[in-house]
Amino acid sequence: MDKVNLTLVTEFFLIAFTEHPEWGLPLFHLFLFIYFFTLLGNSGMIFLIRTDHRLHTPMYFLLSHLSFMDICYSSVTVPQTMAVLLEHGAALSYARCVAQFFLFTFFGSIDCYLLALMAYDRYVAVCQPLLYVTIMTQKALLSFVAGAYIAGLLSALVRTVSAFTLSFCGNNEIDFIFCDLPPLLKLTCGESYIQELVIIVFAIFVIPACMVVIVISYLFIIVAILRIPSAGGRVKTFSTCASHLTAVSLFFGTLIFMYLRDNSGQASEKDRVVSVFYTTVIPMLNPLIYSLRNKEVKEALRKIFNRIKIL
């Protein structure tokens, strides 16, 4: 009888921050500002890397793909969030929710793999500098990036199929800024053990696996830096890794908070703030992190500005 009385959900209603309607317009303008600078900063980074021959290195090749992923990653969620804020809630069809969930997982997974590849690149550069050119060849880079895209696609397919074979019924309100896993699990009305198990396996093969690569790479890097006799040499070598380490700490720190913990109970204000940070703020910060701390990028920017002045 319970199954007969259940009404299956055919659309979802995003209601994040709608309990504070006075926040709607100010937050809309804030998100618009952040999104504009996300597009501008990441597009500018890709342009610099493509046009300046000094940035035609493996690290910047990977960074250009990271910037592209940040544009896609943020474009999946931020326009939807702005609609929620402007309209004090937004209806989302079942198909659009599936598409958003799949694309967000796809781009987010590739981000994780690219950050892991960048850590490996730093390891080779610091620990095996004489072999760097022979290891990080153009062919190897293309293979690495293709592998990241394929792994991201598989992760997104598995996670999306697992999530949307669940039954959603009754309440269709998602107290979140987009269709993500933790709030969706709270709307299920049937047994979800198998799907949650698959999702945990996904988390292990994406977030912790990438973190293991990053941690091991940096352990070797730290050992190599400590062996450098001069303090100036140690600082100079570490500075080549500082930008990447900052980006990794921000991105994986928020992902761990969201996905590698107990997600039972209602979504809290803290959950929503953290989700805004990793979907909206971090893609905007990455170009700043890499441009402010990298001499090569600053030189490329200076070169562009000098050309503009001449014109």
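Which residues line the largest cavity?

Tutor: A quick note before the close-up: this is a predicted model, where local features need pLDDT of at least 70 and side-chain atom pairs count only at pLDDT 80 or more, while totals for chains, interfaces and linings use all residues. Residues are numbered from 1 along each chain as its sequence is written, and side-chain values use heavy atoms, with hydrogens and water left out.

Now, the lining: Ala-16, Phe-17, Thr-18, His-20, Pro-21, Gly-24, Val-84, Leu-85 and His-88. By class, five lining residues are nonpolar, four are polar and none is charged. (Ala, Val, Leu, Ile, Met, Phe, Trp, Tyr, Cys and Pro count as nonpolar, Asp, Glu, Lys and Arg as charged, and the others, Gly among them, as polar.)

On to the helices, which are DSSP runs (H or I, at least four residues), numbered from the N terminus. Helix α2 (residues 24-51) and helix α3 (residues 58-87) have axes that come within 9 Å and cross at roughly 160°. Axes here are lines fitted to C-alpha atoms over the stretch in contact, with angles from 0 to 180 degrees between N-to-C directions. That angle makes α2 roughly antiparallel to α3 (over 145 degrees; under 35 is roughly parallel). Their contact has 19 nonpolar, nine polar and two charged residues.

α3 also packs against helix α6 (residues 138-164), at about 25° with the axes 10 Å apart, so α3 and α6 are roughly parallel. Helix α4 (residues 94-127) meets α6 too: their axes come within 8 Å and cross at roughly 145°. Of the residues in the α4 contact with α6, 20 are nonpolar, five polar and one charged.

Finally, the span 98-120 is 100% helix, its end C-alpha atoms 33 Å apart, and residues 140-158 are also 100% helix, with 27 Å between the end C-alpha atoms.

Note on methods: Helices (H or I, at least four residues) and strands (E, at least two) are DSSP runs, numbered from the N terminus. Angles under 35 degrees count as roughly parallel, over 145 as roughly antiparallel, 65 to 115 as roughly perpendicular and the rest as oblique. On a 1 Å grid over the protein atoms alone, a cavity is a set of points where a 1.4 Å probe fits but cannot get out, and a pocket is an open set with protein on both sides within 12 Å along at least five of seven lines; lining residues have an atom within 4 Å of a point.
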